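Here is a friendly briefing to read with the model open beside you. Please keep the sequence at hand as you go through the points below.

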Protein chains: 2
Amino acid sequence: MVHECKSKRTVETALEILVGKWKPVILFHLIDQGTLRFSELQRLIPDVTKKMLTTQLRELEYHDIINRKVYAQIPPKVEYSITEYGEGLKPVLLSMHEWGLTHLDHLDDLYGESQETIEK
Amino acid sequence: MVHECKSKRTVETALEILVGKWKPVILFHLIDQGTLRFSELQRLIPDVTKKMLTTQLRELEYHDIINRKVYAQIPPKVEYSITEYGEGLKPVLLSMHEWGLTHLDHLDDLYGESQETIEK
DNA sequence: CCGGATCCATTAGGATACTG
DNA sequence: CAGTATCCTAATGGATCCGG
C-alpha cells in the first residue's frame, strides 16, 4: 500500500529528474567513469549537441545530482561528477535497467524482431 | 558496470513507458485497487480530462502494461487493470517512490520549506 | 459512460553561428 | 574548451464539442 498523502508526488519528482533525452546516458557515463570533462561527455555521446548537453547538465546540477567543477584556466576545463546525493539514484537507475532488459525481450515477443526500437 | 552494448537503451525504454503526465498516478491507483473503471479513475484523478486519461491509458495498453476490458452493454463499462507483465514495473515504481521520499526532504534542505512542489 | 475529433498553447529538442 | 544566443520544429498536453 503505497498511496495517499504526498506519496504519488514522489514518483513524479523522480521522473522529473530523470526525464530528458540525454540524462540517463549522461548519468550512466558519470556513474561509470566517476568524473568526466565536458568534451569527454561529448565524445562519449556523439549525437548530442553542445547546447543540449549543456542544458541537460545544468538541469541535473540544479537538482543537485551532479557536480560542476570549473577550473579557471585557459583553455577552460570543466569536470562533471555525481554528487553524493545523486548516488542515491543508482538503485532507481538499476531497477529501470533491469526492467528494461526484460522489456526489450518482451518487445520481441509482442512485435517480432523486425523493429529497431520502440519509438514511433 | 552496467554499460556498453544495448544497456543504455534499457533505461530509456523504461522511461518511455512511465513518462506521461498521468501515467504514474494511473499505475499507482491500478496497483493499489486492482481493477478500476474509467469513471473511477476519473474520480480518483480529478484534474485529468477524459481525453488525456484515454490517451495515457491507451499508451499503457499499447505497451502491454495494463489490460482494457470492455463490457458490451449499455451504458458502456470499461475496466482497467495491470497486466501480469506490468506487474514487473512495481520494483521500478517502488524504488522511484523510495527515492522520491528522501528527495522531497532534500528539497526542503536545498530551498527551504517555502515551495509547494518542484515544478517550474 | 466512454470515448473520438479538432484545434490551440506550451514545452522540449535541435541547427547553426558566435564568444571568452 | 566550453559554452551562449537565436531561431526553428516537433512533440506533448489541454479545451471544447461531437457521438454511439
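B:D64 is partly exposed, with 22% relative accessible area; partly exposed is the range between buried (under 20%) and exposed (over 50%), using a 1.4 Å probe and protein chains only. This is a predicted model, in which local features need pLDDT of at least 70 and side-chain atom pairs count only at pLDDT 80 or more, while totals for chains, interfaces and linings use all residues. Residues are numbered from 1 along each chain as its sequence is written, chains are lettered from A and ligands numbered from 1 in the order in which they are written, and side-chain values use heavy atoms, leaving out hydrogens and water.

**Backbone points to look at**

- B:D64 has a positive phi of about 65° although it is not a glycine, and its place is the loop between α4 and β2 of chain B.
- A:D64 also has a positive phi, about 65°, without being a glycine.
- A:D64 sits in the loop between α4 and β2 of chain A and counts as partly exposed at 22% relative accessibility.
- The peptide bond from A:I74 to A:P75 is cis, with omega near -5°, and A:P75 belongs to the loop between β2 and β3 of chain A.
- In chain B, a cis peptide bond joins B:I74 and B:P75, with omega about -5°; B:P75 lies in the loop between β2 (66-71) and β3 (77-82).
- For background, most residues other than glycine have a negative phi, and most peptide bonds are trans.

**How chain A is built**

- Chain A has 6 helices and 3 strands, where helices (H or I, at least four residues) and strands (E, at least two) are DSSP runs numbered from the N terminus.
- Along the sequence, the pattern of chain A reads α-α-β-α-α-β-β-α-α.
- Strand β2 (residues 66-71) of chain A pairs with β3(A) in the antiparallel sense over 6 bridges; pairing requires at least two DSSP bridges between the strands.
- These two strands, β2(A) and β3(A), form a hairpin with 5 residues between them.
- A:N67 has A:S81 in β3(A) as its bridge partner.
- Of the 120 residues in chain A, 43% count as buried.
- Among contacts (heavy atoms within 4.5 Å) in chain A between residues at least 6 apart in sequence, 47% join residues at least 24 apart.
- Chain A exposes about 6,700 Å², with carbon and sulfur atoms supplying 52% of it.

**Where the protein meets DNA strand D**

- DNA strand D is surrounded by 21 residues, and the closest are A:R58, A:R68, A:Y80, B:K21 and B:K51; a residue is near the strand if one of its heavy atoms lies within 4 Å of it.
- By class, the surface near DNA strand D has 8 nonpolar, 5 polar and 8 charged residues.
- At least two residues of this surface come from each of α3 (38-44), α4 (50-62) and β3 (77-82) of chain A and α4 (50-62) of chain B.
- The largest share of the surface, 4 residues, comes from α4(A).
- Of the atoms of DNA strand D within 4 Å of the protein, 67% belong to sugar or phosphate and the rest to bases.

**Side chains at the phosphates**

- An N or O atom in the side chain of A:R68 is 2.3 Å from a phosphate oxygen of DNA strand D.
- For B:K21, a polar side-chain atom lies 2.4 Å from a phosphate oxygen of DNA strand D.
- B:W22 places a polar side-chain atom 3.0 Å from a phosphate oxygen of DNA strand D.

How values were computed: A polar contact is a pair of N or O atoms within 3.5 Å; within protein, one must be able to donate a hydrogen and the other to accept it, and residues adjacent in sequence count only if both atoms are side-chain atoms. Ala, Val, Leu, Ile, Met, Phe, Trp, Tyr, Cys and Pro count as nonpolar, Asp, Glu, Lys and Arg as charged, and the others, Gly among them, as polar. Accessible areas come from the Shrake-Rupley method with a 1.4 Å probe; for residues, only the protein chains shown count as cover.
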